[in-house]
Amino acid sequence: MKRTQNEILALYDRYYEMIWRICLVRFGNSHDAYDAVQETFIRLMNYNKSFHNDEHEKAWMIRTAVNYCKDVMKSSRRKQEICLDSGKPLEGGIVSEEYSEVYETMMELPEKYRIILYLHYYEGYSLKEIAKLLRLNESTLRSRFARAKEVMKEYLED
């Protein structure tokens, strides 16, 4: 199944912001997030299967973006860039000023914690849905979620 330009544009309008925010949470900077969004939509254009429903479509978009981010984070070139980067990790804020301190604190957490917190609190996914999206055992995810909240609390108390 080849998607038309109008279908791609409709999907882009529907998912662009969500995918960008997820990638921003994963990378901590807008440049890498934009690259990841572009790659996600390129992969969509090359994906020749149809989606069962809107939820399947959304899950595919998230999973594809998360997988791309994981691949980039694993690359040795990316690890070198992180060591050389002395800039602030948050660019192009995605939350209101009222919550920016909480968001910035969340961005300081290890990636395995911040993606769970972001998907749960900012995108509204249940823990069960997040476990499925991230391909984690549900009990593992619940443990990480509890630990993420503990660490977040410690950071905010300081």
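Mentor: A residue counts as buried under 20% relative accessible area, as exposed over 50%, and as partly exposed in between. The model above is predicted.

Trainee: Is arginine 135 buried or exposed?

Mentor: Arginine 135 sits in the loop between α7 and α8. Its relative accessibility is 61%. The cut-off for this class is over 50%, so arginine 135 counts as exposed.

Trainee: What is the phi of arginine 135?

Mentor: Most residues other than glycine have a negative phi. Arginine 135 is not a glycine, yet its phi is positive, at about 55 degrees.

Trainee: How many helices and strands are there in the protein chain?

Mentor: Read from the N terminus on, the elements run α-α-α-α-α-α-α-α. The count for the protein chain is therefore 8 helices and 0 strands.

Trainee: What percentage of the residues in the protein chain is buried?

Mentor: The protein chain has 158 residues. A residue goes into the buried group if its relative accessible area is under 20%. The share of buried residues is 39%.

Trainee: Are α7 and α8 roughly parallel or roughly perpendicular to each other?

Mentor: Two packed helices are described by the angle between their axes and the distance between the axes. Helix α7 covers residues 127–134 and helix α8 residues 138–157, and their axes are 9 Å apart at an angle of about 115 degrees. Angles of 65 to 115 degrees fall in one class, so α7 and α8 count as roughly perpendicular.

Trainee: How many salt bridges does the count come to?

Mentor: Side chains of opposite charge can pair when their charged atoms come close. The rule used here asks for a Lys or Arg side-chain nitrogen within 4 Å of a carboxyl oxygen of Asp or Glu. Counted this way, the total is 7 salt bridges.

Trainee: Which residue forms a salt bridge with glutamate 111?

Mentor: The closest N and O atoms of this pair are 2.5 Å apart, which is within the 4 Å limit. Glutamate 111 lies in helix α6 and its partner in helix α1 (residues 5–27), so the bridge ties together parts that are 85 residues apart in sequence.

Trainee: About how many helical turns separate glutamate 138 and arginine 142?

Mentor: These two side chains meet in a salt bridge of 2.8 Å, N to O. Glutamate 138 has 29% relative accessible area and arginine 142 has 42%. The two residues are 4 apart in helix α8, so their separation is about one helical turn.

Trainee: In which helix are arginine 147 and glutamate 150 found?

Mentor: The side chains of arginine 147 and glutamate 150 form a salt bridge at 3.2 Å, N to O. Arginine 147 is partly exposed at 34%, and glutamate 150 is partly exposed at 43%. They are 3 residues apart, or about one helical turn, in helix α8.

Trainee: What accessible area does the nonpolar patch on the surface have?

Mentor: The patch is formed by Val102, Tyr121, Tyr122 and Leu156. Of these, tyrosine 122 is found in helix α6, residues 111–122, and is partly exposed at 30% relative accessibility. Together the patch residues have about 340 Å².

Trainee: How many Å apart in space are glutamate 104 and glycine 28?

Mentor: Glutamate 104 belongs to helix α5, residues 97–108, and is partly exposed at 29%. In sequence, glutamate 104 and glycine 28 are 76 residues apart. In space, C-alpha to C-alpha, the separation is 9.6 Å.

Trainee: How many Å apart in space are glutamate 108 and methionine 152?

Mentor: Glutamate 108 also lies in helix α5, and it is exposed, with a relative accessible area of 53%. Along the sequence, glutamate 108 and methionine 152 are 44 residues apart. From C-alpha to C-alpha, the distance is 9.1 Å.

Definitions and conventions
Residues are numbered from 1 along each chain as its sequence is written. This is a predicted model: local features need pLDDT of at least 70, side-chain atom pairs count only at pLDDT 80 or more; totals for chains, interfaces and linings use all residues. Side-chain values use heavy atoms; hydrogens and water are left out. Patches are made of residues with over 30% relative accessible area and no salt bridge: like charges are joined within 9 Å, nonpolar side chains (Val, Leu, Ile, Met, Phe, Trp, Tyr) within 5 Å. Accessible areas come from the Shrake-Rupley method with a 1.4 Å probe; for residues, only the protein chains shown count as cover. Buried means under 20% relative accessible area, exposed over 50%, partly exposed in between (1.4 Å probe, protein chains only). Axes are lines fitted to C-alpha atoms, for helices over the stretch in contact, and angles run from 0 to 180 degrees between N-to-C directions. Angles under 35 degrees count as roughly parallel, over 145 as roughly antiparallel, 65 to 115 as roughly perpendicular and the rest as oblique.
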